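Open the model in your viewer and keep the selection panel at hand. We will go step by step.

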Amino acid sequence: MTVASISAVAGLFWLLFLDYCPPETCSAENAWISVCVALAVAALVTAVGGVVTIARLSRRTVAWPVACGTAILCVGACAIGFAGYVSATGI
């Protein structure tokens with residue numbers, strides 16, 4: 001869950017810096033959409049992965065591959081969202 005909290009903090013900083021958008025190279029709407037979609041996907045992946053991991057732990061089966069996959073997918077969603085943010089803002 002530390003990956004999820006790091007991703008949440010990164011998403012919060014993305015939202016904080018959305019107000020800096022030079023008009024000649026920036027699309028604030030596209031930046032907003034990329035941040036929101038990335039955070040929504042990361043939240044969904046974290047919720048589903050957490051539930052599946054807990055279910056596997058309660059059945060006493062191996063859960064670490066699901067937890068690692070959840071972390072990788074969450075980081076991937078945030079990386080894609082960050083790439084979209086950078087592309088939209090022209091940074």
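The tour starts with the whole chain and then visits its parts.

**Stop 1: the whole chain.** Remember that this is a predicted model. Colour the protein chain by secondary structure. There are three helices and zero strands. Follow the sequence and the pattern reads α-α-α. Now show the surface. The protein chain exposes about 5,900 Å². Carbon and sulfur atoms supply 76% of that area. How much of the chain is buried? Buried residues make up 27% of the 91 residues.

Next, think about contacts. Take those between residues at least 6 apart in sequence. Of these, 71% join residues at least 24 apart.

**Stop 2: helix 2.** Select residues 28-58, which form helix 2. Helix 2 has 31 residues. From its first C-alpha to its last, helix 2 reaches 45 Å, close to the 45 Å expected at 1.5 Å a residue. Which residues of helix 2 are buried? They are Ala-31, Ser-34, Val-35, Ala-38, Ala-42, Val-45, Thr-46, Gly-49, Gly-50 and Thr-53.

Stop 3: Pick Trp-32, a residue of helix 2. Is Trp-32 buried, exposed or partly exposed? Its relative accessibility is 48%, so Trp-32 counts as partly exposed. The cut-offs behind this are under 20% for buried and over 50% for exposed. Together with Trp-32, they make a nonpolar surface patch of about 370 Å².

**Stop 4: after helix 2.** Click on Arg-60, which follows helix 2. Look at its backbone angles. The phi of Arg-60 is positive, near 60°.

**Stop 5: helix 3.** Select residues 64-89 for helix 3. Use the distance tool on its end C-alpha atoms: they are 37 Å apart. At 1.5 Å a residue, the 26 residues of helix 3 should span 38 Å, so the two values agree. Colour the buried residues here too. They are Thr-70, Cys-74, Ala-77, Cys-78, Gly-81, Tyr-85, Ala-88 and Thr-89.

**Stop 6: Thr-70.** Zoom in on Thr-70 in helix 3. Why does Thr-70 count as buried? Its relative accessibility is 15%, which is why Thr-70 falls in that class. What does Thr-70 touch, leaving aside neighbours within four places in sequence? It is in contact with Val-45, Thr-46 and Gly-49. Those three residues are among the buried residues of helix 2.

**Last stop: after helix 3.**

Terms used
Residues are numbered from 1 along each chain as its sequence is written. This is a predicted model: local features need pLDDT of at least 70, side-chain atom pairs count only at pLDDT 80 or more; totals for chains, interfaces and linings use all residues. Side-chain values use heavy atoms; hydrogens and water are left out. Patches are made of residues with over 30% relative accessible area and no salt bridge: like charges are joined within 9 Å, nonpolar side chains (Val, Leu, Ile, Met, Phe, Trp, Tyr) within 5 Å. Accessible areas come from the Shrake-Rupley method with a 1.4 Å probe; for residues, only the protein chains shown count as cover. A salt bridge is a side-chain nitrogen of Lys or Arg within 4 Å of a carboxyl oxygen of Asp or Glu. Helices (H or I, at least four residues) and strands (E, at least two) are DSSP runs, numbered from the N terminus. Buried means under 20% relative accessible area, exposed over 50%, partly exposed in between (1.4 Å probe, protein chains only). The expected span of a helix is 1.5 Å times one less than its number of residues. Contact means heavy atoms within 4.5 Å.
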